[in-house]
Amino acid sequence: MPRVAGLCFGGDYNPEQWPEQTWREDAQLMREAGVTLVTVGVFSWSMLEPAPGKYEFGWLDRVLEILHDAGVAVDLATATASPPPWFSVAHPEALPVDAHGNRLSHGSRQTFCPSAPAYREAALALVSRLADRYADHPALAMWHVHNEYGCHNARCYCDTTAAAFRDWLRARYHDLDTLNDRWGTAFWSQRFTDWQQIVPPRTTGSYPNPGLTLDFHRFSSDALRALFVAERDLLHARTPGIPVTTNLISNGFTQLDYWQWAEELTGPDRLVSADHYLIGEDPTPPGAQIAYAADTARSLAGGGSWLLMEHSTSAVNWQPRNFVKPPGQLIRDSLAHVARGSEGAMFFQWRASRAGAERWHSAMVPHAGTDTAVWREVVTLGGHLRRLGEIAGSVVDAEVAVLLDYPSGWAAEGPAQPSVDMVSFDEVCRWHAALWRRGVTANLAHPSHDLSRYRLVLAPALYLLDDPAVANLAAYVRAGGTLLVGPYSGVVDEFDRVRLGGYPGALRELLGVRVEQYCPLPAGTTVALDNGATGRVWAEQATTTGADVVASYVDGPPAGRPALTRHPVGDGTAWYLGTRLTRPGLDRLLGSLGAHPLVPGLDAVRRRHPDGRSYLFLLNHGSTEVTAEAAGTDLLTGAEHAGPVTVPAGGVMVLRERL
């Protein structure tokens with residue numbers, strides 16, 4: 001962003017919640033903290049348009065002038081995430097409907113049907129007025145479209161949606177014969193003879209059609225994406241040169257196909273941004289949760305610049321138990337995102353709300369004010385980010401990729417699967433966490449992406465694969481790559497139809513393995529492997545067709561059968577794992593494939609400029625100090641280190657390495 005020097009620091013600013021006399025105090029505090037960018041107006045539609053076609057921008061004019069005078073740039077939101085009450089009263093048909101047929105009421109946020117023409121018309125009218133009014137405002141640094149698309153309305157099941165879904169299907173399949181073939185509607189007398197017979201997968205007596213369900217997920221992602229594109233294109237036309245973003249959700253949100261969204265967020269005057277909040281009761285360590293979220297956001301940005309648009313200074317308000325962060329974690333969490341490519345650290349929100357649904361969400365300025373530990377850490381973080389300004393534009397080194405495909409995960413977690421425990425998205429996170437424990441920085445990638453730059457590619461759960469992706473994986477291995485594929489992969493095509501001839505379907509030849517039968521395990525049970533590892537959830541009755549057996553099952557239904565195989569193909573190697581290993585076995589397997597830590601317990605990530613300058617982030621998430629073989633100038637303190645360096649418990653160092 002040309003109007004922000006160095007890294008971005010700030011957060012969501014909601015001045016409409018506060019009297020005007022507070023605004024100048026906020027600007028003064030922002031200067032004290034070193035804030036460079038704030039997001040304004042995310043949930044202000046009812047303040048900007050209090051009645052249909054009646055716009056009130058005076059308050060926003062004054063806010064932007066105050067911020068500009070304070071040297072704070074503005075990420076101006078389009079406010080379309082929360083239609084005001086008058087809209088829902090005027091257009092009840094635009095309220096979303098759940099799978100049971102219940103129409104939801106206005107009263108929270110995102111209470112609209114993505115396919116409703118009235119919503120689209122009203123949203124674009126507001127965006128048009130905002131763009132015309134603020135196109136040349138000196139405070140405007142970026143446009144912030146909507147907010148967390150699909151967070152609460154990823155799928156609507158109303159009649160308007162049904163009609164839009166049918167239009168989407170006509171464009172995809174052209175005729176009903178093709179659709180019936182792809183969905184396998186000969187089963188259960190589901191064959192369609194008229195387009196009007198097709199409705200979304202609403203609640204029904206038994207399992208819905210899996211092909212229909214999968215396509216409805218695809219359609220729903222596309223419907224929301226079309227809304228973003230409409231707002232983005234309007235802003236590009238009215239305000240050329242001003243970057244446009246929308247904040248994706250990077251902590252395990254899987255309702256949208258973010259690879260397709262990323263195509264709309266990369267390129268000239270566009271930016272990938274993402275929100276991340278720690279899940280307090282998740283057994284995955286906070287450092288691993290952050291690493292997965294940040295690596296995902298960076299990967300969606302094609303390995304380039306992205307921005308952490310929201311995270312929390314301490315507790316959030318929406319979990320069953322909202323835990324506070326201990327001293328030092330605010331800074332460490334923020335810099336962990338920066339280490340993995342973020343061009344700054346932004347928070348929700350600037351000042352803690354006094355009322356409303358998020359009044360118990362932490363903020364940069366807490367309810368208790370500036371005489372607080374949180375505020376003091378905020379000010380310290382602002383100083384750190386100012387001193388790290390020279391890293392802006394550098395990119396992250398990553399030699400390992402973890403494959404993630406959203407439709408594959410949707411299909412694998414769809415109706416009537418062999419085991420409810422074979423959750424795809426969780427397994428991708430688990431393998432990524434295993435890499436994090438071993439100090440390996442990884443990218444996420446789609447199976448159709450160019451994988452040639454990775455020395456190791458992991459495919460924890462690729463239930464669904466189309467033919468081009470299969471060919472891409474085979475080409476990667478033949479050219480010298482190492483591929484490790486997890487169980488229940490490659491077994492269906494892009495329409496969720498089983499590939500016949502034995503599992504793992506499309507990957508049989510590449511892996512040199514043929515599976516006759518799957519063996520889901522009872523809850524809480526395990527199987528032993530003869531290399532000392534333990535499998536859980538799943539096992540398979542397999543035979544090799546060219547692969548070498550590395551480990552076999554000792555007990556359970558597939559006793560004596562191969563559990564882990566290795567198949568040389570061309571100049572590379574394709575590995576197959578037929579069970580889900582417990583943590584020790586998974587760690588050992590990845591270690592055997594070259595995932596070795598710099599120092600156990602130390603998160604070490606390198607960012608590099610095209611001119612050769614490199615920066616090594618060392619983050620100690622543990623409770624004891626750690627020593628590492630590293631050297632350079634610590635940008636946070638200015639200290640010179642000839643090496644080795646000692647990172648205190650909970651501490652962070654950012655070393656400008658010597659050329």
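**Close-up 1. Hairpin of strands S23 and S24 in a predicted model.** Strands S23 and S24 form a hairpin in which five residues lie between them, and glycine 612 in the turn has a positive phi of about 105°. The two strands, S23 (residues 602-608) and S24, run antiparallel and are joined by seven bridges, with leucine 602 having asparagine 620 as its bridge partner in S24. Strands are DSSP runs (E, at least two residues), numbered from the N terminus, and two strands pair if DSSP finds at least two bridges between them. Because this is a predicted model, local features need pLDDT of at least 70 and side-chain atom pairs count only at pLDDT 80 or more, while totals for chains, interfaces and linings use all residues. Residues are numbered from 1 along each chain as its sequence is written, and side-chain values use heavy atoms, with hydrogens and water left out.

Close-up 2. Seven of the seven residues of strand S24 (residues 614-620) are buried, that is, under 20% relative accessible area with a 1.4 Å probe and protein chains only. Ser614, Leu616, Leu618 and Asn620 point one way from S24, whereas Tyr615, Phe617 and Leu619 point the other way. S24 also runs antiparallel to strand S29 (residues 652-656), to which five bridges join S24, and valine 652 in S29 is the bridge partner of leucine 619.

**Close-up 3. The open sheet with edge strands S12 and S19.** Seven strands form an open sheet in the order S12-S11-S13-S14-S21-S20-S19, with mixed pairing. Strand S12 (442-445) and strand S19 (548-552) are the edge strands, each of which pairs on one side only. S19 pairs with strand S20 (residues 562-569) in the antiparallel sense over four bridges, and valine 549 has threonine 565 as its bridge partner in S20.

Methods
Buried < 20%, exposed > 50% of the residue type's maximum accessible area, 1.4 Å probe, protein only.
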